[in-house]
Amino acid sequence: MLKDKYDVIVIGAGPGGLAAAIAAKRQGAEDVLIIERDQELGGILQQCIHNGFGLEVFKQDLPGPAYAQRYINEALSVGVETLLDTMVLDITPRRRIFASGARSGFVDLKARAIVLSMGCRERTRAQIRIPGMRPAGIFTAGTAQRWVNVEGFMPGKQFVVLGSGDIGMIMARRLTLEGARVEGVLEVMPFLTGLTRNYVQCLMDFDIPLHLSHTIKRVIGKNRVEAVEAVQVDEKWTPIPGTEVVMPCDTLLLSVGLIPENELSRKAGVQIDPITGGPFVDDRFETNVPGIFAAGNVVHVYDLVDWVSEAGRQAGVSAARFASIERRKEDTHVPIKPGENVRYVVPQTIDRESLAEGNVRLQLRVRQPIESSVWVEVRNNGNLVTRKGELYARPGEIITLEIPMKAYDEVQLADELTIAIVKR
Amino acid sequence: MDKFDVIIIGGGIVGCLTARTLSRYKLSVLLIEKEADLGTGASSANSAIIHAGYDPLPGTLKAELNVRGNAMWDVLSGELGFDYNRSGDYVVAVGPQELLSLEKLLDQGRRNGVPGMHIISGEEMRSREPAINPQVSGALWAPTGGFCDPFMATISAAENAVQNQVKVLLGTQFLGFVIENNQILGIHTNRGDFACRWVVNAAGLFADEVMHQAGVRPEFHITPRRGEYAVLDRADIQVNNVLFPVPSEKGKGILVTATTHGNTILGPNSVPASGKEDTAITSEGLAEIWEGAGKLFPGLRPTFTIAMFAGLRATGNASSPNRSIYYDHDFIVEIPDSPRGLVNLGGIESPGLTSAPAIAQRVVELMVSEGEKLQLKPDWNPIRPPRPHFRKLPLEEQKKLIDADPRYGRVVCRCEMVTEGEIIAEIHAPIPAVTYDAIKRRTWLGTGRCLGSFDMPRVVDILARELGVPVEQITKRGPGSEFLFRPTKEMEAQHVEG
């Protein structure tokens with residue numbers, strides 16, 4: 001069963017989110033919930049079945065799902081709650097979260113602190129503006145990776161990879177192992193953009209050529225990709241005439257960079273650094289919106305997952321601390337909200353325990369004059385707490401009212417009190 | 001052999017609206033479309049603008065049908081339940097020279113019968129569209145201009161036709177006419193022959209080839225001109241209006257416009273296409289549209305691009321039926337003397353989308369003028385019930401939808417917030433969406449920043465499950481555009497067998 005309010009809600013169960021949830025729980029947060037849109041925990045690690053994960057954190061060379069599993073086990077053992085197959089639709093700056101899922105239905109939750117860990121997405125053909133036709137067979141490397149490693153289907157037989165990012169090189173090897181032909185990897189830069197170890201293990205070891213300072217001039221094929229026209233570029237990325245080569249293939253894989261995914265962050269009022277594409281954060285990974293933290297590839301794109309987990313851990317600790325301060329404030333104080341015809345009331349909040357010692361005096365000014373007798377009422381969500389009659393209400397004259405000691409129990413239960421002037 | 005009163009060749013906006021208009025009458029109507037979905041040609045690759053009608057040369061069929069068609073869109077969108085915004089449109093002058101052209105367009109518009117046009121000041125234009133070029137000197141304002149969802153305009157017209165007993169066959173290609181004694185008796189298709197009394201040629205880019213099969217207008221040729229577009233990210237810019245530059249000899253110029261989906265689009269250029277399938281995007285074309293759009297909005301950056309596409313204009317060489325003017329790219333909307341039984345449409349380029357409802361009406365009028373006795377169906381239902389779009393609903397409505405059907409709770413396209421419930425509804429709609437692109441055009445799924453890389457495997461799965469076919473048979477836009485070839489590990493199995 002979901003609660004109405006959690007100490008910490010983490011958005012996204014990838015490496016950043018899992019580490020944040022575990023750390024928040026260990027730091028003393030009472031209830032921590034991870035909301036994940038996929039059917040299982042672990043995020044994109046679940047489709048990264050190659051090794052190379054955990055060298056920093058575990059001093060071990062693990063495949064992605066094994067790395068994720070260690071965090072999943074720990075999260076479940078420390079009592080992190082999870083809401084799977086559920087997509088967050090909206091986050092407000094006051095940390096209200098709306099989400100939906102086929103099994104969870106429509107979800108409306110409050111959080112004392114939020115950790116954003118939505119990760120990143122891949123850049124697409126449009127973002128690098130590759131000209132030509134628009135047939136089937138142009139996929140990001142990550143989409144192809146999901147099809148091959150999770151769904152178990154081959155999205156092509158003959159591939160060209162654009163971009164020497166890590167996912168592209170890893171997929172070039174993976175597809176070769178599955179019997180496909182990879183004609184080559186093209187990179188517009190005069191240097192490799194991924195890790196050297198991936199170049200050695202994924203391209204050199206499998207005789208897949210890497211063409212630096214090359215890009216794709218156009219895509220050929222109406223229904224399915226039939227070929228791409230590759231071209232060499234100068235240092236300003238301008239194609240050099242006469243260097244065009246048509247490379248037959250049925251699939252073009254794009255590994256041309258990752259972008260932090262911050263649609264939800266923006267909805268919550270989080271400011272985004274135009275350079276990183278992720279939120280501005282302080283040393284505790286807090287964004288400009290109090291109580292909203294961010295960690296992992298949602299902040300900036302990392303090279304190693306180990307650092308994502310570390311950032312998640314720190315954000316989780318900070319979120320738990322923030323939540324505990326929030327909780328204390330909520331527990332001790334009840335806000336008093338001006339209701340009908342009340343301009344303001346002082347004090348604006350009362351300490352719940354004050355009523356154990358004596359009556360609490362409230363003073364208010366009205367908005368509009370009423371020249372007939374009125375009630376001055378204090379209510380808790382509709383229930384009358386106390387009231388007092390006055391012969392009139394005038395903006396020039398302060399009205400005083402006391403909440404009696406006997407209202408102690410009612411006030412203990414209240415989230416907020418409302419004070420209003422109503423005609424008798 | 002199945003027999004119909006009328007067969008319509010081509011399921012673009014013109015064919016579908018003609019089918020819907022004919023569905024009012026006691027006629028048996030068949031619409032055939034060679035592609036796996038309706039509206040895949042010019043109807044889905046255009047500016048989506050409902051033109052006011054000041055642009056066509058006065059006296060042409062284009063001018064007449066544009067203004068008449070424009071007036072029909074409010075009722076049409078209301079009955080068919082697709083998005084349409086009569087926002088008005090602007091022709092924006094930059095610098096003092098271009099102001100003169102506005103006067104000329106204003107005069108042309110008035111002669112065409114465009115209501116409510118007037119010229120506004122540069123200052124007024126800047127207040128209505130703050131991001132516009134500060135050098136703007138004035139603009140022509142046409143309150144009857146607007147924009148629509150051209151995908152759903154086409155689909156909803158066909159759905160409403162199907163509701164009213166029209167038959168629609170997808171993947172059905174016209175191969176030739178059956179003509180005896182100078183009377184059309186039927187057509188040959190790749191799926192057999194169909195008998196009929198009337199054929200409506202609404203074949204768009206291929207209309208010349210269809211009419212030639214009947215021996216009509218052998219001199220008429222469609223020479224397609226390609227127009228390229230860029231679609232911009234809503235997060236980077238959202239213009240509020242339809243904005244044209246001052247036109248030149250080359251045409252209406254590169255426009256910047258709002259769309260019903262909230263994205264801003266730029267384009268089109270106009271270059272000769274190498275053939276009727278040449279929908280390629282070129283770097284030269286992109287450079288041209290960015291330069292043109294930069295004239296209206298100097299702040300636009302190519303990095304705002306979220307998608308690109310190109311469409312083909314069915315530019316013909318028919319002279320205007322009005323002999324008093326010289327114009328040789330007019331629409332053809334006619335019943336030729338011979339053979340009998342053909343309603344011939346051709347050269348339907350811009351403003352074809354705007355004119356389509358008027359063209360459909362004209363088809364009926366022409367048939368009546370040839371002695372066709374039409375009787376209204378007493379039970380004709382003009383209303384196509386729209387299906388919900390999760391993203392556009394307020395939270396309360398979203399909650400209700402999910403409570404009623406939890407499949408609306410599963411978001412499949414995260415950028416555009418499209419749910420599994422919406423996808424399934426489209427797959428089982430009166431015009432079933434059976435390809436990825438068909439679902440994309442109806443739901444706007446896969447058009448966001450990740451361009452489908454997240455939803456694609458999921459949509460392929462849903463299509464396969466709902467249609468009861470293996471995932472390898474699911475296509476982007478029909479046979480030959482499959483996504484997947486074989487299961488992994490199949491290599492090993494082959495080795496064992498070998």
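Two residues are taken to be in contact if their C-beta atoms, placed from the backbone, lie within 7 Å. With that in hand, the two chains of this predicted model can be described one after the other, and then together.

**Chain A**

Among the contacts in chain A with a separation of 6 or more, 64% are between residues 24 or more positions apart. The secondary structure of this chain consists of ten helices and 26 strands, and 48% of its 424 residues are buried. For a compact globule of 424 residues the radius of gyration would be near 22 Å, whereas chain A has 29 Å. The C-alpha trace of chain A, followed along its principal axes, spans about 95 × 45 × 35 Å.

The chain is divided into domain 1, made of residues 5–121 and 259–331, domain 2, made of residues 124–256, and domain 3, made of residues 339–423. Between the C-alpha centres of domain 1 of chain A and domain 2 of chain A there are 32 Å, and the contact between these two domains involves five residues of domain 1 and six residues of domain 2. On the side of domain 1 of chain A that touches domain 2 of chain A, one residue is nonpolar, three are polar and one is charged.

**Chain B**

In chain B, 14 helices and 23 strands make up the secondary structure, and residues 24 or more positions apart supply 71% of the contacts with a separation of 6 or more. Chain B has a radius of gyration of 23 Å, which agrees with the value near 23 Å that a compact globule of 498 residues would have. The table sets out some overall values for the two chains.

| Property | Value |
|---|---|
| Buried share of chain A | 48% of 424 residues |
| Buried share of chain B | 54% of 498 residues |
| C-alpha span of chain A along its principal axes | about 95 × 45 × 35 Å |
| C-alpha box of chain B along its principal axes | roughly 75 × 60 × 50 Å |

The domain assignment of chain B gives domain 1 as residues 1–85, 146–222 and 314–386, domain 2 as residues 86–145 and 224–313, and domain 3 as residues 390–473. The C-alpha centres of domain 1 of chain B and domain 3 of chain B are 30 Å apart, and their contact takes twelve residues from domain 1 and ten residues from domain 3. Helix 6 of chain B, residues 150–163, gives the most to the domain 1 side of this contact, with seven residues. That side of domain 1 of chain B divides into eight nonpolar, two polar and two charged residues.

Strand 5 of chain B, residues 89–94, pairs with strand 7 of chain B in the antiparallel sense over six bridges, and Val94(B) has Val136(B) in strand 7 as its bridge partner. Strand 6 of chain B, residues 118–121, also pairs with strand 7 of chain B in the antiparallel sense, over four bridges, with Ile120(B) standing opposite Ala139(B) in strand 7.

Helix 11 of chain B, residues 420–427, has as its buried residues Glu420(B), Gly421(B), Glu422(B), Ile423(B) and Glu426(B). These buried residues of helix 11 pack against strand 21, strand 22, helix 12 and helix 13 of chain B.

From Lys3(B) to Ser28(B) the C-alpha to C-alpha distance is 8.2 Å, although the two are 25 residues apart in sequence. Leaving aside residues up to four places away in sequence, Lys3(B) touches Ala195(B) and Cys196(B).

**Where the chains meet**

The contact between the chains takes 45 residues from chain A and 46 residues from chain B. On the side of chain B that touches chain A, the elements giving two or more residues are helix 8, strand 18, helix 10, helix 13 and strand 23 of chain B. By class, this side of chain B has 23 nonpolar, eleven polar and twelve charged residues.

Strand pairing also crosses from one chain to the other, for strand 9 of chain A, residues 153–154, runs antiparallel to strand 23 of chain B and is joined to it by two bridges. In this pairing, Phe153(A) stands opposite Pro487(B) in strand 23 of chain B.

Methods: Residues are numbered from 1 along each chain as its sequence is written. Chains are lettered from A and ligands numbered from 1 in the order in which they are written. This is a predicted model: local features need pLDDT of at least 70, side-chain atom pairs count only at pLDDT 80 or more; totals for chains, interfaces and linings use all residues. The radius of gyration is taken over C-alpha atoms; the globule rule is 2.2 Å times the number of residues to the power 0.38. A residue is buried if 20 or more other C-beta atoms lie within 10 Å of its own, exposed if 12 or fewer, and partly exposed in between; C-beta atoms are placed from the backbone. Domain bounds come from an automatic or database domain assignment. Ala, Val, Leu, Ile, Met, Phe, Trp, Tyr, Cys and Pro count as nonpolar, Asp, Glu, Lys and Arg as charged, and the others, Gly among them, as polar. Two strands pair if DSSP finds at least two bridges between them.
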